[in-house]
Amino acid sequence: MVIVTTRAKEALALVKESANVNDPMIGLRLEKAAAGRYDIFPDHERPGDQVIEHEGAKVLLIADALTESLAGAKIDGKTTDQGLELVIARAREEK
C-alpha cells in the first residue's frame with residue numbers, strides 16, 4: 001500500500017480542479033513513465049486500483065501492479081519555486 005499525505009491529497013484535488021475535472025468519480029491515475037518518472041492523468045477507477053480520496057472525491061488511482069512496486073512508499077507535497085510538486089519517497093530497507 002502507498003501512503004498519501006493530506007498535503008498531497010490537497011495538491012491532487014487542486015490539479016483536478018485546474019484541469020476542470022469536476023466528476024468526483026474520476027481520479028488522477030499515477031502511471032510509471034520513462035526514466036523512472038511518473039505521469040498522472042484523469043481516469044476512472046479500474047478493478048484492483050488503490051483509490052485515494054479527499055473530501056469524498058477520488059483524487060488518485062494507483063494500479064495494483066504499481067502499488068506492489070511502490071509498497072511502503074509515501075507520496076507527499078513539496079513546495080518549490082514552480083509551486084507544489086508531488087514527491088514519492090520509498091521506504092528505506094532495513095539492514
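This is a predicted model: local features need pLDDT of at least 70, side-chain atom pairs count only at pLDDT 80 or more; totals for chains, interfaces and linings use all residues.
Let's start with the lining of the largest pocket.

How much space lies in the largest pocket? About 320 Å³. By class, its lining has eight nonpolar residues, one polar residue and two charged ones. Which strands supply at least two residues each to that lining? They are β3, residues 38-44, and β7, residues 83-89.

β7 takes us to the sheet. Three strands make up an open sheet, in the order β1-β6-β7, with mixed pairing. β1, residues 3-4, and β7 are the edge strands, each pairing on one side only. β1 and β6 run parallel, and two bridges join them; β6 covers residues 74-80.

Now the core. The largest nonpolar core has 14 residues. Those touching the most other members are V2, V4, L30, L60, I62, L70 and I75. Where do core residues come from? α1 (6-18), β2 (26-32) and β5 (57-62) each supply at least two. β5 gives the most, with three residues. As a general point, nonpolar side chains in soluble globular proteins tend to be buried together.

Take I62 next. Setting aside neighbours within four places in sequence, what is I62 in contact with? The list is V2, R29, L30, G48, D49, Q50, T67 and I75.

Follow that list to T67. T67 sits in helix α2, residues 64-69. Buried or exposed? T67 has a relative accessible area of 10%, so it is buried; the cut-off for buried is under 20%. Again leaving out neighbours within four places in sequence, T67 is in contact with M1, V2, Q50 and I62. V2 and Q50 are on the contact list of I62 and on that of T67.

Last stop, E55. E55 lies in the loop between β4, residues 50-54, and β5. Its relative accessibility is 77%, so E55 counts as exposed; the cut-off there is over 50%. How far is the C-alpha atom of E55 from that of A13? The separation is 9.1 Å, with the two residues 42 apart along the chain.

That's the tour.

How values were computed. Residues are numbered from 1 along each chain as its sequence is written. Side-chain values use heavy atoms; hydrogens and water are left out. On a 1 Å grid over the protein atoms alone, a cavity is a set of points where a 1.4 Å probe fits but cannot get out, and a pocket is an open set with protein on both sides within 12 Å along at least five of seven lines; lining residues have an atom within 4 Å of a point. Grid points are joined across faces, edges and corners, and a volume is the space filled by probe spheres set on the points. Helices (H or I, at least four residues) and strands (E, at least two) are DSSP runs, numbered from the N terminus. Ala, Val, Leu, Ile, Met, Phe, Trp, Tyr, Cys and Pro count as nonpolar, Asp, Glu, Lys and Arg as charged, and the others, Gly among them, as polar. Two strands pair if DSSP finds at least two bridges between them. Buried means under 20% relative accessible area, exposed over 50%, partly exposed in between (1.4 Å probe, protein chains only). Contact means heavy atoms within 4.5 Å. A nonpolar core is a set of buried Ala, Val, Leu, Ile, Met, Phe, Trp, Tyr and Cys residues joined through side-chain atoms within 4.5 Å.
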